[in-house]
Amino acid sequence: MEQGSNKSALSQLFQTFFSKHWPVWVGGILLGLLNVFLFMIKSPWGGSGGYNNWGENIYQALGFFGIENVTPTSASLYGMLNILIILGAFVGALMAKEFALRIPPVGELIKGFIGGGLMAIGAKLGMGCTIGGFFSGVPALSGGAILLTVGLFLGTLVALKYLMWEMENLPSISSGKSKTLLAASEGRGAWQKWLGFIVVIIVIVIAYSYFGKNDIMAWFVIIGLLLGLICQRSRFCIVASFRDPFMTGKSSSTIGIIAGLVIGLIGFTIIKEFGIGAGDISIRSRELTWVFPNFWLRAPIGGFIFGLGMTIAGGCAVGTLWRFGEGQVKLWAAALGFLLISPIAKNFIEPGFVKLLPHSTNFRNFMPDYIGYAWSVIIVLAILLIWYLFVKWNERTGKFSAY
Amino acid sequence: MEVKIDETLDVKGLTCPMPIMKLAKAMKALESGKVLEMLGTDPGTKTDLQPWCNKTGNTLLDESELEGGVFRFVIKKK
């Protein structure tokens, strides 16, 4: 009897996490918290740097473009973080028996790859993606991040128009042969749960192997797994947060992202103002963490290109990773485009682009330098509040929704 | 209860936002009261569909999981 009730207590716990998707705002709050933890340990969450690390490692191994002295991914915090996000999403999908290899029509794979490539270019030109530049950049009180967000918005709107046009005029791109492999069903697929537990154990071993030698990495491994798991369970999607109000009018993704931004904003501001975790570095450089010199022209241009890419791919820097782990093969193509194009953008597109722009158009803008901490936080909160009110009003009235 | 299916929409293999976009287009072409069956594989559709139906006034009559990881949704046009 005793044993039986314990078993049901554990299975209740399991059900809580894996029987249903979580509300996006739950995911947003948890991701915001973990982002603060990452900043406490070292530096905030970022996505595009990890892809770039993967790409550079591949090109170095192949001897392309003379790329050398690349940090091995096993020693790259953000390269590892991205791998762990994929694994975390893999675990989340397996535990919920939602994992399957979902192979879309060829046209969709091509769109995935192109979208990934555009994200790589946008992240290089804008100095940040939806994670480092937006989800971490806005709470970091970076003026550039606000402009990057404007660019992301515009890019998303243009690409959404394109997708709607494609649906009417080129429906063949998204039709054709598709395949779904390894799926579980009601009575079958218990192997998915077991594999989920095995992956968790493997990750614990990986994290343990870093403890004592590289404690920061050990924590990045653990937090990365949680990030991926939370994203998959709550379907935390930054593309949707920008796109859905203008498509179906749904506001839940946007509200989830806003929740995460508010938590991040509080945590980041405290860390910066008090110089928490500064260690040997100066408090000033702690303040300037994740404030990139992309103000005011680089950020919106890069954000625009990134916005196009993520909307066509159907996943941003992190959305691509967790859908990768869930088995969405379109996003495998997007990840491949991202990692292969990123080093090329870094070495061949970015230098020329920077030369084109006057120096005065790309500097670090740390908002508290101009208006102080209090007003910076108030302004960011006001923008988020307006965004919230807009998506709620739009959801009710459908004024700006296409469907 | 088995309802008569007037049209089938196959969005297998497609990922967000394509299933909802295709659904919106197919529903637009459907006459009022007709029933559409959608077959898809994106787990995201499960959470997206009910809010979309609430908003558009269409009715989600049934959802089930078929063999091979396929989700089946039956939707009646307003």
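1. Start with K97(A). K97(A) is partly exposed, because its relative accessible area is 23% and that class lies between under 20% for buried and over 50% for exposed. K97(A) sits in the loop between helix 4 and strand 1 (101-103) of chain A. Its phi is near 55 degrees, a positive value in a residue that is not glycine. Keep in mind throughout that this is a predicted model.

2. Why look at phi here? Most residues other than glycine have a negative phi, and most peptide bonds are trans. L141(A) also goes on the list: its phi is near 60 degrees, again positive in a residue other than glycine. L141(A) is placed in the loop between helix 6 (130-135) and helix 7 of chain A. Is L141(A) buried or exposed? L141(A) has 0% relative accessibility, so it counts as buried.

3. Now the peptide bonds. In chain A, F295(A) and W296(A) are joined by a cis peptide bond, with omega at about 10 degrees. W296(A) belongs to strand 3 (residues 295-296) of chain A. In chain B, the bond from C16(B) to P17(B) is cis, and its omega is near 5 degrees. P17(B) is in a loop of chain B, between strand 1 (7-11) and helix 1 (18-29).

4. Turn to the aromatic rings.

5. Another pair is F153(A) with F246(A). The ring centres of F153(A) and F246(A) are 6.2 Å apart and the planes are at 90 degrees, so the pair is edge-to-face. F153(A) is in helix 7 (residues 143-169) of chain A, while F246(A) is in the loop between helix 10 (238-243) and helix 11 (252-274), so parts 93 residues apart in sequence are tied together. F246(A) has 15% relative accessibility, so it counts as buried.

6. Ring pairs link F134(A), F153(A), F242(A), F246(A), W387(A), F390(A), W393(A) and F400(A) into a cluster. Find these residues in the structure and trace the cluster for yourself.

7. Next, the layout of chain B. Which elements does chain B have? It has two helices and four strands. Read from the N terminus, their order is β-α-β-α-β-β. The C-alpha trace of chain B spans about 30 × 25 × 20 Å along its principal axes.

8. How does chain B compare with a compact globule? For 78 residues, such a globule would have a radius of gyration near 12 Å; chain B has 11 Å, which agrees. Of the 78 residues in chain B, 54% are buried. Among contacts in chain B with a separation of 6 or more, 65% come from residues 24 or more positions apart.

9. Last, the surface and charges of chain B. The chain exposes about 3,500 Å², and carbon and sulfur atoms supply 50% of that area.

How values were computed:
Residues are numbered from 1 along each chain as its sequence is written. Chains are lettered from A and ligands numbered from 1 in the order in which they are written. This is a predicted model: local features need pLDDT of at least 70, side-chain atom pairs count only at pLDDT 80 or more; totals for chains, interfaces and linings use all residues. Side-chain values use heavy atoms; hydrogens and water are left out. The radius of gyration is taken over C-alpha atoms; the globule rule is 2.2 Å times the number of residues to the power 0.38. Buried means under 20% relative accessible area, exposed over 50%, partly exposed in between (1.4 Å probe, protein chains only). Contact means heavy atoms within 4.5 Å. Accessible areas come from the Shrake-Rupley method with a 1.4 Å probe; for residues, only the protein chains shown count as cover. Rings of Phe, Tyr and Trp (its six-membered ring) pair if their centres lie within 6.5 Å; planes under 30 degrees apart count as stacked, over 60 as edge-to-face and the rest as tilted.
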